[in-house]
Amino acid sequence: MARNILVVAEVRNGQLRPVSFECIAAGRAIAEGGSVTAVLLSQADVDGSELIARGADRVVLVKGEHLKEYTPDGWLSALQQVYLAEKADVVLMGHTGIGRDLLPRFAMRNAAGMISDAIAVKLEGGQVVFTRPIYAGKAYVTQIVTEGLIVATIRPNNVAALEADAGRSGDVVQSEAAPVDLRTVVKEVVRQAATGVDLTAAKIVVAGGRGVKSAEGFKPLYELAEVLGAAVGASRAAADAGFCDYALQIGQTGKTVTPDLYIACGISGAIQHLAGMSASKVIVAINKDPEAPIFKVADYGIVGDLFEVVPLLTREFKALLG
Ligand code: FAD
């Protein structure tokens with residue numbers, strides 16, 4: 001059965017977020033001959049060609065002054081308008097801050113089945129089957145929407161994006177968002193902890209815990225991250241202690257990351273921290289306590305003082321990577 005897929009794409013710091021390409025790939029995998037349309041609601045200065053190159057057949061750039069900053073009323077109304085015009089069977093978006101807020105509202109408005117935080121999607125016996133983690137990543141469930149519109153958020157870094165193909169062609173159309181009464185408006189955006197690499201999309205994460213001991217103690221972690229092109233993350237204990245901003249917190253009440261490589265420095269491995277990183281492909285733990293629970297989930301463990309080990313790694317990687 002051909003399905004028309006609508007992917008809500010996102011822009012951050014002027015760049016399309018990689019998870020938007022991953023959602024397009026997920027859409028392509030289940031479209032069965034239907035179309036994949038990407039919609040941009042954010043007024044970003046993006047022409048849509050990259051979305052076509054990554055597998056979208058069509059891009060809708062929605063215009064509207066009130067869409068510049070995310071508000072539930074503004075974006076929901078604009079998304080609803082595009083959804084009705086495009087007659088989508090499936091609506092996908094990254095499991096990002098905005099995706100988590102917008103898509104459940106959209107599903108509710110349309111009385112649709114909602115799958116949240118999927119890490120895989122495939123076709124099985126003609127049905128669209130999603131896999132998602134439960135119990136803080138200790139188990140996985142497969143789920144389907146039994147009838148009607150399917151709405152899902154996809155966790156970043158889990159579905160492989162399609163290679164960019166500059167030769168692909170597709171329509172890019174503009175659409176004007178209908179005016180809407182906003183119950184909340186954004187007066188000002190104050191950006192904090194603006195690090196170069198987006199933590200939730202990073203391929204490598206270097207994370208520090210209470211063992212880092214101070215804000216100054218994070219310095220060697222930043223140096224290692226710079227050599228590796230990695231993002232820096234933290235445990236809640238490190239954020240609570242004021243060593244770093246809460247924007248860096250990974251775990252049950254922080255961000256979820258799924259990098260190819262996670263380097264945990266001075267982190268004990270509490271279940272609430274594992275909830276945000278245990279699905280990382282390769283986990284390296286550096287801890288001076290050989291009994292630390294983090295070693296149970298680590299692929300490679302280094303028992304030692306992080307203030308000795310991390311600079312050594314930085315030096316070696318620098319030599320290796322030039
Ligand atoms: P610790 O447990 O104190 O571990 C520090 C580690 O550093 C130790 O293993 C020690 O051996 C090692 N160490 C010390 N010095 C060195 C050194 N020089 N070199 C190498 N190793 C060293 N936590 C999160 O991380 N994220 C969350 O989202 C989160 N949400 C929570 C939600 C709830 C409802 C609750 C109750 C807790 C939550 N927590 C969360 C807190 C969690 O339970 C732990 O307290 C926290 O993860 C511990 O952080 P840590 O591993 O950095 O600190």
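Trainee: Which residues does L92 touch, not counting residues up to four places away in sequence?

Mentor: This is a predicted model, in which local features need pLDDT of at least 70, side-chain atom pairs count only at pLDDT 80 or more, and totals for chains, interfaces and linings use all residues. Residues are numbered from 1 along each chain as its sequence is written, and side-chain values use heavy atoms, with hydrogens and water left out. With contact taken as heavy atoms within 4.5 Å, L92 touches I5, L6, V7, V8, C23, A26, G27, L103, F130, A152 and I154.

Trainee: Within what arc do the buried residues of α5 fall?

Mentor: In α5 (residues 219–228), P220, L221, L224, A225 and L228 are buried. Judged by the directions from the helix axis to the C-beta atoms, these residues line one face of the helix, because they fall within an arc of 140°.

Trainee: How much of the ligand's accessible area does the protein cover?

Mentor: A polar side-chain atom of S268 lies 2.6 Å from a ligand oxygen atom, and one of H273 lies 2.9 Å from a ligand oxygen atom. Of the 980 Å² that the ligand has on its own (Shrake-Rupley method, 1.4 Å probe), the protein covers 77%.

Note on methods:
Buried < 20%, exposed > 50% of the residue type's maximum accessible area, 1.4 Å probe, protein only. Helix = DSSP H or I, 4+ residues; strand = E, 2+ residues; numbered from the N terminus. Polar contact = N/O pair within 3.5 Å; in protein donor to acceptor, adjacent residues only side chain to side chain.
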